[in-house]
Amino acid sequence: MAPAGRPGAKKGILERLESGEVVIGDGSFLISLEKRGYVKAGLWTPEAVIEHPDAVRQLHMEFLRAGSNVMQTFTFSASEDNMESKYFEHVEEAVWAAEVLKENDRPVAVTMCIGPEGDMHDTTPGECAMRLVKAGASIVGVNCCFGPETSLKTMELMKEGLERAGLKAHLMVQPLGFHTPDCGKEGFVDLPEYPFGLESRVATRWDIQKYAREAYNLGVRYIGGCCGFEPYHIRAIAEELAPERGFLPPASEKHGSWASGLDMHTKPWVRARARRDYWENLLPASGRPFCPSLSKPDV
């Protein structure tokens with residue numbers, strides 16, 4: 001399948017989702033721009049939009065070229081109240097936001113920063129989803145703080161809760177680009193590697209293709225990423241779901257499907273890796289013989 005950009009017809013997000021179309025979100029901004037030298041870790045304020053707008057614009061363009069349909073504004077932690085507490089973690093506050101947004105007669109999408117244990121008041125993911133839909137949200141799901149595997153478990157619980165209540169909503173997931181099976185209820189901020197030692201946990205492009213397929217099979221149609229999700233991760237989503245979408249993103253022009261480009265390598269053992277089963281079954285090593293595979297959360 002050759003890269004073909006994206007269909008020219010403009011449709012609203014609900015129209016896309018209701019037709020069964022896959023909507024691909026964007027990825028990491030704060031952590032990605034911090035690594036590039038444009039954001040200061042800590043409060044993670046987005047002053048880069050004023051100080052270095054070209055850097056922000058370039059990252060948006062890379063996500064767009066990789067296959068993103070939705071570009072979110074880089075405004076996280078742009079207000080004093082948000083700097084004091086994550087609104088993402090409390091369903092009560094998310095419900096308030098949904099109710100206010102619904103008054104403007106616009107599609108309302110609300111994602112929460114929770115794992116399978118639920119919000120900070122122990123409200124289950126299923127209950128969170130039900131309350132958000134009743135408050136007016138048409139799209140519900142989770143984002144950030146947890147890796148792909150954990151986030152999909154949470155999405156499954158949300159879906160089950162909605163089904164039990166006889167409610168319908170479109171599902172949206174944007175997890176971390178890191179593996180976090182050992183984090184606590186607060187997510188990856190509990191891990192001793194946060195935020196400057198997370199590189200050994202980065203998901204491979206093949207991990208993300210698997211995540212995209214599992215999310216799709218679960219019934220999720222808005223699929224993207226959050227912290228740690230680089231443009232090549234977004235490209236992996238677009239490539240995995242190209243059969244459903246009918247086209248590849250422009251960035252795939254330089255990326256052979258399942259490493260097919262390696263068949264031109266000068267080394268025969270590298271050429272032998274130009275196949276899907278090799279990368280699907282690879283168990284990547286960290287190269288750190290004295291490091292544990294899991295950490296103990298600080299909280």
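Helices (H or I, at least four residues) and strands (E, at least two) are DSSP runs, numbered from the N terminus. The model is predicted, so local features need pLDDT of at least 70 and side-chain atom pairs count only at pLDDT 80 or more, while totals for chains, interfaces and linings use all residues. Residues are numbered from 1 along each chain as its sequence is written, and side-chain values use heavy atoms, with hydrogens and water left out.

Asp122 is placed in the loop between strand S2 (109–112) and helix H7 (125–134). Its phi is positive, about 65°, although Asp122 is not a glycine. With 57% relative accessibility, Asp122 counts as exposed; the cut-offs are under 20% relative accessible area for buried, over 50% for exposed and in between for partly exposed (1.4 Å probe, protein chains only). Ala259, in the loop between H11 and H12, also has a positive phi of about 65° without being a glycine. Ala259 counts as buried, at 10% relative accessibility.

Aromatic pairs come next. Eight are found in a search of the whole structure. In the pair of Phe188 and Tyr194, the ring centres are 4.9 Å apart and the planes stand at 70°, so the pair is edge-to-face. Rings of Phe, Tyr and Trp (its six-membered ring) pair if their centres lie within 6.5 Å; planes under 30 degrees apart count as stacked, over 60 as edge-to-face and the rest as tilted. Phe188 is buried at 3% relative accessibility, and Tyr194 is partly exposed at 25%. The ring centres of Trp206 and Trp258 are 4.9 Å apart with planes at 15°, so this pair is stacked. Trp206 lies in helix H9 (residues 205–218) and Trp258 in the loop between helix H11 (242–245) and helix H12 (268–271), so the pair ties together parts 52 residues apart in sequence. Trp206 and Trp258 are both buried.

Pro195 is in the loop between strand S4 (170–174) and H9.

Helix packing is the last topic. Helix H4 (residues 53–66) and helix H10 (residues 231–240) pack at an angle of about 20°, their axes 8 Å apart. Axes are lines fitted to C-alpha atoms, for helices over the stretch in contact, and angles run from 0 to 180 degrees between N-to-C directions. H4 is therefore roughly parallel to H10 (angles under 35 degrees count as roughly parallel, over 145 as roughly antiparallel, 65 to 115 as roughly perpendicular and the rest as oblique). Leu59, Glu62, Phe63 and Ala66 in H4 meet Pro231, Ile234, Arg235 and Ala238 in H10, where contact means heavy atoms within 4.5 Å.
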